[in-house]
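Biologist: Can you put the model up? I'd like to go through the interface and the aromatic rings.

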Amino acid sequence: MKEPQKNRAKTANWLVAPGLFWLLFFIVAPLVIVVIVSFATRGAYGKTLYDFTWSNYARALDALYLSAYWRTIWIALLTTTLCVVVSFPVAYYIALRAPERWKRILLVLTVIPFWTSFLIRTYAWMLLLRSEGVINSALLHSGLIHEPLPLLYNDFAILVGQVYGELPFMILPIYVALERLNTRLLEAAQDLGANRFWTFVKITLPLSRPGLLAGIVLVFIPSLGAFITPDLLGGAKSIMIGNLIQNQFAQLNQPFGSALSLLLTLAVLLLLVIAFRAGLKASELA
Amino acid sequence: MDEVYDVAMQNVCKKFGDTVAVNNVSLDIRVDEFITLLGPSGCGKTTLLRMIAGFEIPDSGKILLDGVEVTRLPPYRRDVTTVFQQYALFPHLNVFQNVAFGLERRGVERSALNKRVAGALEMVRLEGLETRRPNELSGGQQQRVALARALVLEPKVLLLDEPLAALDLKLRKQMQYELKSLQKRLGISFIFVTHDQEEALTMSDRVVVMNAGNLEQVGVPQEIYERPHSEFVAGFIGDSNIIEGTVESSSADLSLIKISHATIPVQGNGVQAGQPVRVMIRPEKIRLSSHDRQGVLQGRIASAMYLGEATQWKVMLDGGQLLTVLEQNTASAQAMKTRVGQAVSLSWEADSAVLLRG
Ligand SMILES: Nc1ncnc2c1ncn2[C@@H]1O[C@H](COP(=O)(O)OP(=O)(O)OP(=O)(O)O)[C@@H](O)[C@H]1O
Ligand SMILES: [Mg+2]
């Protein structure tokens with residue numbers, strides 16, 4: 001009776017082998033390489049010299065780069081906050097208010113942007129936000145303004161691009177949490193004397209916390225590493241960590257770029273630990 | 001002055017699309033009354049409760065609580081609480097917080113709140129479980145939390161939508177008893193929904209039988225059982241024999257009804273000679289005796305079913321109709337088989353037979 005089961009377990013082990021190999025090869029191996037390179041130095045013509053040094057990490061703490069870190073955190077925070085503010089009502093409407101047959105259509109609409117590459121969608125935002133762009137032309141024509149508004153190449157533009165890009169990652173987990181919410185509980189709260197506001201604060205909000213937390217993680221972390229939006233929509237001064245890293249690799253300073261990447265990865269890991277402590281469930285991120 | 005009722009419903013109607021869930025219902029619930037809504041699935045019991053609680057707004061008609069119209073008032077402004085069918089306890093709050101929820105919203109200050117929550121938990125015998133979450137409780141315990149949570153607010157009226165349906169038989173019997181004694185002690189009107197006719201008969205001051213959105217009959221349990229107005233009520237509660245016939249004569253309180261081969265006396269009037277009617281008689285009201293000319297009807301025993309405390313006989317009347325008779329097993333059951341096939345005569349008290357309307 002026992003033997004076949006054991007055999008089956010062995011077969012199962014073999015079945016996960018390709019996946020495991022994939023994981024080792026494409027995630028662990030690059031990470032190891034990055035760790036090694038981060039302790040190297042840059043030689044002439046961008047050649048990497050493998051002498052062990054902490055200098056890349058020391059350089060990462062240079063005051064020169066601190067403003068980029070702060071800007072990154074600040075923009076990521078703002079992006080996440082704005083996403084929450086916009087997403088909650090949308091998710092709430094789709095999950096609890098929209099007529100049944102509209103739900104699916106609305107959900108599809110929220111993910112339709114994914115059908116086009118993010119780069120192309122960011123270019124589209126440039127067309128909208130430029131001085132001669134759609135928005136400014138319309139406003140000038142209508143006579144509401146006489147000078148084009150500075151909509152592009154600043155932090156505002158970065159925020160617009162980021163919020164736009166991350167919105168579905170916030171809407172979907174909140175939607176899932178609200179969709180699972182037993183609406184009898186909302187009735188029970190009202191039955192016990194809670195008006196709509198208190199029902200929301202005491203029941204809806206706490207019960208959608210897992211989704212909210214998942215959304216925050218799914219938006220905040222990618223925002224820390226963003227480089228397309230700041231690159232295309234941001235101004236000369238709007239540099240974020242993502243651009244910094246990208247620049248190092250572009251300038252063939254791989255060791256410093258690797259050190260920065262690792263620091264960012266560590267920061268993200270730390271945030272994830274905090275989020276899991278706060279009650280985030282791995283299943284919510286799927 | 002008009003009597004003030006805890007709940008008064010006047011010509012209340014509610015439709016969902018083409019479905020008429022509640023059709024022109026008028027019902028007054030007296031102060032401190034235990035009233036049961038009974039009826040088949042989909043007859044509108046829940047909808048009626050939800051309109052009293054404020055979760056649904058009637059299409060027409062009025063609802064008054066304690067003499068004040070509340071037809072369009074939101075649930076949080078009505079002095080009514082509900083025990084939901086699946087309890088609807090707040091999963092993120094513990095037992096104490098669940099019970100305290102309503103008091104907090106009413107701004108009851110802390111020490112009074114603690115005392116009232118403790119009192120409510122004691123009442124449903126849940127002391128010591130304050131810090132448990134709902135998913136750490138048994139079904140019966142959850143049911144008690146739901147009850148405490150609703151009762152701690154001391155509402156005028158408590159609505160209970162099949163609160164015992166999920167409990168096993170033993171727990172159910174015990175909770176029936178506890179609910180009834182709580183209601184008596186607290187002096188709160190209970191409106192109780194159930195599918196279980198026995199539950200309805202044993203617990204209620206009055207029973208409301210509903211059918212397809214209409215009130216079929218409202219009355220004390222004895223009335224509902226002994227004097228059903230319609231075939232629907234007779235058939236829904238308990239077993240019944242329905243005999244068709246025509247009125248031969250009708251006097252002050254006795255009518256003679258002619259059936260295929262005999263004439264039977266029936267209490268009740270309001271019918272005219274020649275009118276076709278139906279007569280209902282409960283199986284346990286019929287007495288069987290050996291074949292003689294004393295009984296009202298003559299027949300032959302067709303089959304017997306042993307039920308433990310009683311025996312159910314099927315008797316084929318000489319006129320060709322099959323009646324069910326229930327007889328307590330006072331004597332030994334030995335003789336049972338030998339009686340099948342015997343001729344018998346059937347009799348009953350005149351007031352056991354009921355004239356059905358319509
Ligand atoms: N929200 C709704 N939308 C559409 N139809 C509804 C809705 N609520 C109830 N109904 C319909 O109204 C009728 C009465 O429903 P209700 O829930 O009041 O029945 P009930 O007597 O409580 O039945 P049960 O004993 O099965 O709980 C049913 O035909 C039901 O399908
Ligand atoms: Mg129901």
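Predicted model: local features only at pLDDT ≥ 70, side-chain atom pairs only at ≥ 80, totals over all residues.

Biologist: How many residues of chain B are in contact with chain A?

Modeller: 21 residues of chain B are in contact, and they meet 17 residues of chain A.

Biologist: And what area is buried between them?

Modeller: About 1800 Å² is buried between chain B and chain A, with carbon and sulfur atoms giving 66% of that. On the chain B side, the residues that lose the most area to chain A are Tyr76(B), His92(B) and Arg105(B), which together make up 36% of what that side buries.

Biologist: How many salt bridges across the interface?

Modeller: One is found between chain B and chain A. Glu187(A) forms a salt bridge with Arg50(B), and their closest N and O atoms are 2.8 Å apart.

Biologist: Which elements of chain B give two or more residues to that side?

Modeller: Those are α1 (45-53), β6 (80-83), α2 (95-105) and α4 (139-151) of chain B.

Biologist: How many residue pairs are in polar contact there?

Modeller: Five residue pairs between chain B and chain A, counting pairs with both residues at pLDDT 80 or more.

Biologist: Switching to rings. How many aromatic pairs over all chains?

Modeller: The count is 19 aromatic pairs over all chains. One of the ring pairs is Phe197(A) with Trp198(A): the centres are 5.3 Å apart and the planes are at 75 degrees, so this pair is edge-to-face, the cut-off being over 60.

Biologist: Are those two buried or exposed?

Modeller: Phe197(A) is exposed, at 53% relative accessibility. Trp198(A) is partly exposed, with a relative accessible area of 31%.

Biologist: What about Phe232(B) and Phe236(B), stacked or edge-to-face?

Modeller: Stacked, because their planes are at 10 degrees, with the ring centres 5.7 Å apart. Both residues lie in helix α8 (residues 231-236) of chain B, four residues apart, which is about one turn of the helix. Phe232(B) is partly exposed at 24% relative accessibility, and Phe236(B) is also partly exposed, at 22%.

Biologist: Which residues do ring pairs link into a cluster in chain A?

Modeller: Phe21(A), Trp22(A), Phe25(A) and Phe26(A) are linked that way.

Biologist: Last one. Where does the charged end of Arg59(A) sit?

Modeller: Over the ring of Phe256(A), 4.0 Å from the ring centre. In chain B, the charged end of Arg339(B) sits over the ring of Trp313(B), 4.8 Å from its centre.

Notes:
Residues numbered from 1 in each chain as written. Chains lettered and ligands numbered in written order. Heavy atoms only, no water. Phe/Tyr/Trp six-rings, centres within 6.5 Å; stacked < 30°, edge-to-face > 60°. Buried < 20%, exposed > 50% of the residue type's maximum accessible area, 1.4 Å probe, protein only. Lys NZ or Arg CZ within 6 Å of the ring centre and 35° of its normal. Contact = heavy atoms within 4.5 Å. Buried area = accessible area lost by both parts, 1.4 Å probe. Salt bridge = Lys/Arg side-chain N within 4 Å of Asp/Glu carboxyl O. Polar contact = N/O pair within 3.5 Å; in protein donor to acceptor, adjacent residues only side chain to side chain.
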